[in-house]
Amino acid sequence: MLRKTHRRISPWAGAAILLLFVVFAWTSACRSGGQGQPTVSLGSGDADRVIADRELSPDDVFAALKTYVPTGRHDDYVMFASGGHSGQILVIGVPSMRLLKVIGVFTPEPWQGWGYSDETRAVLASAKVEGVEMKWGDTHHPALSETAGDYDGQFLFVNDKAHARIARIDLRDFETKQVVKNPIALSDHGGAFVTPDTEYVIEGGQYAAPLGWSYASLEQYAEEYRGMVTLWKFDREAGEMVEDGSFAIELPPYWQDLCDAGKRVSDGWIFCNSFNTEMATGGIEDGKPPFEAGASQRDMDYLHLIDWRKAAQLVADGRAQRIKDFPVLPLDVAVEEGVLYFLPEPKSPHGVDVTPGGEYLVIAGKLDPHVTIFSWEKIQRAIADRNFSGEDAYGVPILSFDAALESQLEVGLGPLHTQFDDKGYAYTSLFLDTAVARWTLGGAYSSLHEEAPWTLVQKIPVHYNVGHVVAAEGDTVSPDGGYLVSLNKWSVDRFLTVGPLHPQNFQLIDISGKGDSMRLLYDMAIGIGEPHYVQMIKADKLQAWEVYPEVGWDPVHQRKHPNAVQAGEERVLRKGDTVEVFMTAARSHFVPEKVEVKAGDHVVWHITNVESAKDATHGFALPAYDINLSLEPGESTTFELDVRKSGVYTYYCSEFCSALHLEMVGYFLAAPGA
Amino acid sequence: MPAWMERLLGPRPSAEDLARHRADFLAPTLVLAVAVVLLLTSIFLPYWHILLKAPQYPGGLRVEAYLNRLEGDVKEIDGLNHYIGMRPLGEAASLERTLSIFAVATLGLLVIGAIFIHNRKALWLALPGLVFPAVFLGDLYFWLRNFGTNLDPRAPLSSSIKPFVPPVLGVGHVGQFATVATPGAGLILATLASLLILAGLWLHRRAYKPLVEELDERR
C-alpha cells in the first residue's frame with residue numbers, strides 16, 4: 001500500500017522537484033544577468049558605472065586599460081602593414097591600433113596626390129611592365145631598412161607580388177620615392193627582405209617562368225622554366241636601389257616562397273623556402289591533378305641556402321650572364337662555386353625565420369603540424385663535411401636533414417610564420433587551428449625562460465585564419481616583446497557586417513608576461529586592403545619631418561624644386577602654344593586666381609605651397625583634367641595638360657585648409673582656339 | 001688745464017682729494033661702466049616677446065623682437081594677419097631697426113663720456129641711456145597701435161575683428177588668440193642699465209658736486 005502510494009506520488013514529486021530546479025535556475029540566471037561575471041572596480045564611481053552599463057568583464061577592462069592611448073598622447077610602436085592588392089602601405093599605431101596613414105605606393109592615391117603630378121607619375125611610370133603603366137600592385141612584405149640587423153627607421157621597402165616590383169618609401173616624409181621593376185621575372189613573393197646592413201634588398205621569385213618570361217610551353221617546364229632570387233643593391237648614401245651592383249641568381253623551377261636574411265652568426269646567407277619541387281604544371285581541365293594537389297605530393301620541399309657574399313663576388317668577377325640586360329648568376333655556376341645548397345624541409349612551408357642571434361632557422365611547414373628548427377652551426381658543419389643526402393635534378397647538393405636538424409616541435413595545424421620576443425619565446429601562427437602558439441627556444445635562449453627548451457607553452461585562439469604574425473621588432477637582432485599582432489584573414493562575425501566583403505582582423509595580443517599569460521586585447525578592422533606582412537618599429541626610431549625643410553621642396557627627389565615659386569614671383573608666361581603657370585598657394589588663396597589659355601594650348605603648371613606652418617596643407621583640384629594634388633607645407637610640384645576644348649573650369653583647394661577654404665578657388669578660362 | 005676746458009669737462013680732483021676719497025670717485029665710474037656693459041650686451045638679446053596662444057597651435061606662435069630684427073613665427077603670423085588686414089610685421093619700425101644698434105652703441109659712448117665729465121653736463125650725456133627703455137616701450141606702443149588700428153577694411157575678417165591694440169606687456173585677446181607679451185632679456189638688461197645710470201649719476205653728483213662748488217666759489 002505504502003509502496004503503491006509512494007509510486008503514485010512520485011511523478012508529482014518528480015515534477016515538483018523539476019519545477020523547483022527550473023525556478024531556481026531561472027532566478028539565479030536573472031540575478032547573474034549583467035553581474036554574474038566577477039565584477040571589477042576601478043574605485044571611481046563614474047568608471048564603475050560605465051563598467052556596469054557596458055557589461056565589461058575584468059578581461060575587457062584589462063584590455064581597455066592596456067590599449068587605450070589617452071587623447072592627445074602618442075603610441076609606443078608604429079606598424080607598417082602591406083595593403084595586399086590595394087597596392088598601398090598602412091601605418092598603424094600600437095597599442096591603440098589607430099590607422100595613422102595610408103601611403104600610396106603602386107596604386108594612384110588622390111588624397112596624397114600620388115600619381116597625379118608629373119613627379120609622382122614619373123615614379124609609377126619608371127616601373128612599367130611591357131611598356132604599360134600598371135595601375136595597381138599587390139604589396140606583400142614590407143621591410144624596414146636595417147643597420148647591424150636592427151631597424152634604423154630610415155626607409156621602408158615593399159614588393160609587388162603581381163609584377164615583381166620593389167618600392168622604396170622614405171620615412172622622413174612617408175612617401176614613395178622609387179619603384180624598380182625586375183627585368184627577368186613577372187611575379188615575386190620572397191621580398192622585400194633586407195640584409196643586416198641593408199646592403200641588398202632581397203626579392204625572391206614565386207611562380208616559375210622562363211627568365212624574362214619569354215615563351216616556352218609547359219611541356220618544356222623542367223628545361224626552360226626557372227626560379228630566381230634577385231638582390232637589389234642599396235646605395236645608402238644616395239638613398240636609392242641602384243641597378244649597378246644588383247643581380248639575380250638562377251634557381252630551379254620550384255616556386256620560391258618567403259626568404260629571410262641570416263643575421264649575426266649567419267650573416268652573409270639568404271634562406272628561401274620553396275614549394276612545388278614536384279614541378280607540377282597543373283591541368284585540372286585535362287583531368288590532371290590541380291596545382292593544389294600536384295604541388296603537395298612530396299613530403300619534403302627544399303630550403304634554399306644562398307651565400308650572397310660569394311654570389312656578389314662571382315658576379316663582380318664576370319661570371320654572370322645577362323638576361324634582358326640584367327646580370328644573372330647561372331645555376332651551374334652557383335652549384336659549382338658553393339653558392340647554393342638545399343636542405344629538405346616539411347612540405348609546402350611558408351615562413352623561414354631566423355632567430356635574433358642568427359643561430360636557428362625556424363621552418364613552418366603549412367601542411368605539417370610541426371615547426372622544424374635547423375641549427376646554423378650544424379648546417380655549416382654539414383656543408384663543410386659535404387654531408388649530402390643526394391642532389392636534385394639540377395645538380396644542387398641536398399644536405400642531410402638529420403645532420404642539420406636541431407628540433408621538431410608539434411605546435412598545431414597549419415603553421416605559417418614565426419616571430420620572436422625578448423624572453424626566449426617564439427610565436428608561430430597556426431592558420432588551420434586559427435591560433436598563435438608560443439613556444440620556447442633552446443640553446444642560448446634557454447636561460448631567458450623557465451620552461452624546457454623547444455616546448456609548446458601556450459596556444460591562444462585568434463579570429464580567424466591567421467596568416468602572418470608580427471611582434472615588436474620581432475624579426476630583428478633585438479626583439480622588444482610586449483606586443484604581438486595576429487594578421488587574421490577572416491573576421492566572420494567579429495565586426496558589424498558591412499556587406500559580403502568583410503574587413504580583415506588585426507588582433508593585438510599582450511605578450512609581456514611569461515608562461516601561459518598571453519591575452520587577447522583588441523580587434524582592429526582593416527577595411528582598406530588585405531595585409532600580408534607587417535613590421536613593428538619603436539616609435540622613437542622614426543624621425544619624420546613635420547614640414548618640408550624649405551619652401552619650394554620637391555618631395556619626390558628630396559631637393560629644392562627647379563621651378564619652385566616664391567610669394568610675389570607668381571606669373572603666367574606664354575611661349576607660342578605653351579603656357580607656363582607659376583602659382584603659389586597659401587591660406588586662403590591661389591596666386592594667380594585666373595589663368596587664361598586657349599583651346600589647343602599645352603599648359604605646364606607649377607605650384608608651390610609657400611606655407612611653413614605644421615599641417616597647413618592645400619589641395620589643388622582641376623576637375624575634368626583628372627588632377628588632384630596634395631601640397632604639403634613647402635611642397636612644390638608640377639603637372640601638365642593639353643587644353644582639349646574651350647570652356648570655363650574652376651580650380652580649387654581640395655583640402656579644408658582654413659575658415660575661408662571654400663573661397664580658395666580660381667578660374668581656368670579656356671578661350672576658343674585661333 | 002685751460003679754463004675753457006675745465007668749464008667744459010668740469011673740475012679734476014686733486015691728488016690729495018683722490019687719495020682721501022678714492023672710493024667716492026671710483027664708485028660712479030664703476031657703476032656707469034657696468035651700465036654701459038649691460039646696455040651693449042642687450043644689443044644681442046631679444047627685447048620683447050609675444051606669444052600668441054590658440055587651440056590649433058599647441059605651444060603657440062612666438063615672435064622675438066630684437067633691436068634690429070624679428071625672429072620666430074613671423075611668417076605664420078603674417079599669414080594669419082592678412083585675414084584681418086594687418087600689414088606684414090616686417091614693415092613696422094624699419095627706421096628704428098636700421099638705426100637701433102648704432103644708436104644704442106652711441107648711448108653707451110655717451111654714458112662713458114659722462115664718466116669723464118665732472119659737472120652737470122654729465123646728466124645730459126647720460127640721460128638718453130637713462131630713458132632708453134621707456135623710449136623703446138613707447139615706440140613699441142606706437143607701432144602696435146599703428147598696426148592694430150590701421151587694418152585694411154577690405155580684409156576677409158574686417159567685419160568680425162575690430163581695430164585693437166595688444167598690450168605692450170601683459171595679456172590681450174584678439175579673435176581666438178590670447179596674446180601674452182613679456183619683456184625680453186635685452187629689455188631687462190637695458191632697464192637694469194637705466195637704474196644703474198640713475199645710481200651712477202647720484203654717486204657722480206655726490207663725488208663731484210663739492211669740487212664743482214669749490215670751482216664756482218673760486219670764480
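**Entry 1**

I started at A:F420, which stands opposite A:A426 in β25(A). This is a predicted model, where local features need pLDDT of at least 70, side-chain atom pairs count only at pLDDT 80 or more, and totals for chains, interfaces and linings use all residues. Residues are numbered from 1 along each chain as its sequence is written, while chains are lettered from A and ligands numbered from 1 in the order in which they are written.

I noted what a strand is here: helices (H or I, at least four residues) and strands (E, at least two) are DSSP runs, numbered from the N terminus. Two strands pair if DSSP finds at least two bridges between them. β24(A) and strand β25 (residues 425-430) of chain A run antiparallel and are joined by four bridges.

I then looked up the whole sheet, which is open and has four strands in the order β24-β25-β26-β27 (chain A), with antiparallel pairing. β24 (415-420) and β27 (456-461) of chain A are at the edges with a single partner strand each, so one side of each has no neighbour in the sheet. On average, neighbouring strands of this sheet are turned by 20° against each other, direction ignored. For such angles, axes are lines fitted to C-alpha atoms, for helices over the stretch in contact, and angles run from 0 to 180 degrees between N-to-C directions.

**Entry 1: sheet with β3 and β32**

I found another open sheet of four strands, in the order β3-β2-β1-β32 (chain A), and its pairing is antiparallel. β3 (99-104) and β32 (534-538) of chain A are the edge strands, and each pairs on one side only. Strand β2 (residues 88-94) of chain A runs antiparallel to β3(A), with five bridges between them. I picked out one bridge: A:I92 has A:L99 in β3(A) as its partner.

**Entry 2: strand β9**

Is β9(A) mostly covered or open? I looked up strand β9 (residues 200-205) of chain A and found six of its six residues buried, so to speak mostly covered. A residue is buried if 20 or more other C-beta atoms lie within 10 Å of its own, exposed if 12 or fewer, and partly exposed in between, with C-beta atoms placed from the backbone. A:Y200, A:I202 and A:G204 point one way from β9(A), and A:V201, A:E203 and A:G205 point the other way.

Strand β8 (residues 188-194) of chain A pairs with β9(A) in the antiparallel sense over four bridges. One bridge links A:F193 to A:I202 in β9(A). I also saw that β8(A) and β9(A) form a hairpin with five residues between them, and that A:T198 in the turn has a positive phi of about 55°. β9(A) also pairs with strand β10 (residues 227-235) of chain A, antiparallel, over five bridges. There A:V201 has A:W232 in β10(A) as its bridge partner.

**Entry 3: chain B**

I counted seven helices and five strands in chain B. The radius of gyration of chain B is 23 Å, well over the 17 Å that the globule rule gives for 219 residues, so chain B is more spread out than a compact globule. The radius is taken over C-alpha atoms, and the rule is 2.2 Å times the number of residues to the power 0.38. The C-alpha atoms of chain B fill a box of roughly 75 × 30 × 20 Å along the principal axes. Of its 219 residues, 27% count as buried.
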